[in-house]
Amino acid sequence: MYNKTAPIEVNGRTYAWPEKPLVVICVDGSQPAYIEEAIKAGVMPFTAKMLANGADLRADCVIPSFTNPNNLSIVTGRPPAVHGICGNFILDPDTGEEVMMNDPKYLRADTIMKAFHNAGASVAVVTAKDKLRTLLGHGLDFTSGRAISFSSEKSDQVSLKQNGIEDVLSMVGLPLPSVYSADLSEFLFAAGVKLLESRRPDLMYLSTTDYVQHKYAPGSDGANSFYAMMDGYWAKLSELGATLAITADHGMNAKHLDDSQPNVIYLQDILDDWLDEDVTRVILPITDPYVVHHGALGGYATVYLPESVDCDDLCTKIATMDGIEVALTNAQACERFELPPELVGDLVIVSTSNTALGTSPDRHDLSGLNEPLRSHGGISEQTVPLLFSAPVSAGHDQGRLRNFDIFNIALNHLQI
Ligand SMILES: [Zn+2]
């Protein structure tokens, strides 16, 4: 019934069928130094060996360097201009409301998993937080018996109809993890191992949460124990015969002052001061319901302006501020970062590595921020690991690699 050899075309790219099960892993917020330091400390013995025999590359993620735009780029193989998801949170142009971008109605492209599933493959998508599950699992037919999608966060609420699987907690054998914990990510790797043992999906996508990376710097005990945990599960996935491909949605940098207070440019206050209140509207696309570990402070903002404000003048003025890496007009930003113009404001502002962008102090709840701020969103968090358990074929063009090239390389260009 299915021809499992004909290449799969999706979003203008073509993918070969995997010879062995492929597990693509997105380690949320994994600045390259995390794995580098953990290997140096000797706590990732499997990964050290895997990289010696495979490929240890670096790639650029999508800007804004946030979770949703990058996860969707990875699973569609294309930038946000194609799939439409350009933030966790946007100003909806149809309603003028500030909304979460979790609804699949904003997703304009099919995922690679969906395309393979439609062609007869078995696929599994496991995320840490539930916010990503509906987008990443979109379009899968859970009644086929060949599609599974669930989150660690809501692994106690799965059904065959919604998730293609029942009783995940018994399968995994771990308690339901807290949404703010390293356990949330461990649960999904444990689930991945069980799924590979029991169902052996052709393609599996595992996406963690950056709870640990927001708290702990590369090389710290807190970070190394998390990476040691992952190393153990990656070894098991490999032993079970899977090809592993590992990347990150974005990096992570310290954005605090010497006294540990967050180093923040409160952009709405500044623009209100320059132009009067209620003239401009600053949107922070990092905003989501889980802001405890970053207080909605990231490295990227977009600003909506009335026609009365000279966009170019304001852009130039913001660009000269200390702590600003670039200020771009909508057209400049959408060209440079491959974003959908109608979902981006009149200006895009990116802060420097150690600076975060906020709106106004009273709009950021920092009470849950127990450690000095570490966050992401900007160009300084663009470099991510791109790792494979097999070497990349000679002759594959390794020009500018992107994290969303991961399925292309894993399926088309590995020497397995
Ligand atoms: Zn992330």
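Is Asp278 buried or exposed, and how many other C-beta atoms lie within 10 Å? Asp278 is exposed, with 8 other C-beta atoms within 10 Å, on a scale where a residue is buried if 20 or more other C-beta atoms lie within 10 Å of its own, exposed if 12 or fewer and partly exposed in between, the C-beta atoms being placed from the backbone.

## Basis of the model

This is a predicted model, in which local features need pLDDT of at least 70 and side-chain atom pairs count only at pLDDT 80 or more, while totals for chains, interfaces and linings use all residues. Residues are numbered from 1 along each chain as its sequence is written.

## Domains and their contact

The domain assignment of the protein gives domain 1 as 8-251 + 382-412 and domain 2 as 264-374, the bounds coming from an automatic or database domain assignment. The C-alpha centres of domain 1 and domain 2 lie 28 Å apart. Their contact takes 24 residues from domain 1 and 23 residues from domain 2, where two residues are in contact if their C-beta atoms, placed from the backbone, lie within 7 Å.

On the side of domain 1 that touches domain 2, at least two residues each are supplied by helix H4 (80-83), strand S5 (89-91), strand S6 (98-100) and helix H10 (211-215); helices (H or I, at least four residues) and strands (E, at least two) are DSSP runs, numbered from the N terminus. H10 gives the most to this side, with 4 residues. By class, the side of domain 1 that touches domain 2 has 15 nonpolar, 5 polar and 4 charged residues, with Ala, Val, Leu, Ile, Met, Phe, Trp, Tyr, Cys and Pro counted as nonpolar, Asp, Glu, Lys and Arg as charged, and the others, Gly among them, as polar.

## The seven-stranded sheet

An open sheet of 7 strands runs in the order S4-S19-S10-S3-S9-S7-S8, with mixed pairing; two strands are taken to pair if DSSP finds at least two bridges between them. Strand S4 (55-60) and strand S8 (147-151) stand at the edges, and because each has a single partner strand, one side of each is left without a neighbour in the sheet. Neighbouring strands of this sheet are turned by 15 degrees against each other on average, direction ignored.

Strands of a sheet pair through backbone hydrogen bonds, either parallel or antiparallel. Strand S7 (residues 123-127) and S8 pair in the parallel sense over 5 bridges, and Ala124 stands opposite Ile148 in S8.

## Two helices against H11

The axes of helix H2 (residues 45-53) and helix H11 (residues 221-239) come within 7 Å and cross at roughly 55 degrees; axes are lines fitted to C-alpha atoms, for helices over the stretch in contact, and angles run from 0 to 180 degrees between N-to-C directions.

## Backbone details in the loops

Most residues other than glycine have a negative phi, and most peptide bonds are trans. Asp278, in the loop between helix H12 (267-275) and strand S13 (281-283), has a positive phi near 65 degrees. Ala296 also has a phi near 65 degrees, a positive value in a residue other than glycine; Ala296 lies in the loop between S13 and strand S14 (300-304) and is buried, with 21 other C-beta atoms within 10 Å. The peptide bond from Ile63 to Pro64 is cis, with omega near 5 degrees, and Pro64 is placed in the loop between S4 and helix H3 (67-76).

Leu401 belongs to the loop between strand S19 (383-388) and helix H15 (406-412) and is buried, with 20 other C-beta atoms within 10 Å. Leu401 touches Leu57, Ala59 and Leu386, not counting residues up to four places away in sequence. Ser198, in helix H9 (residues 183-198), counts as exposed with 9 C-beta neighbours inside 10 Å.
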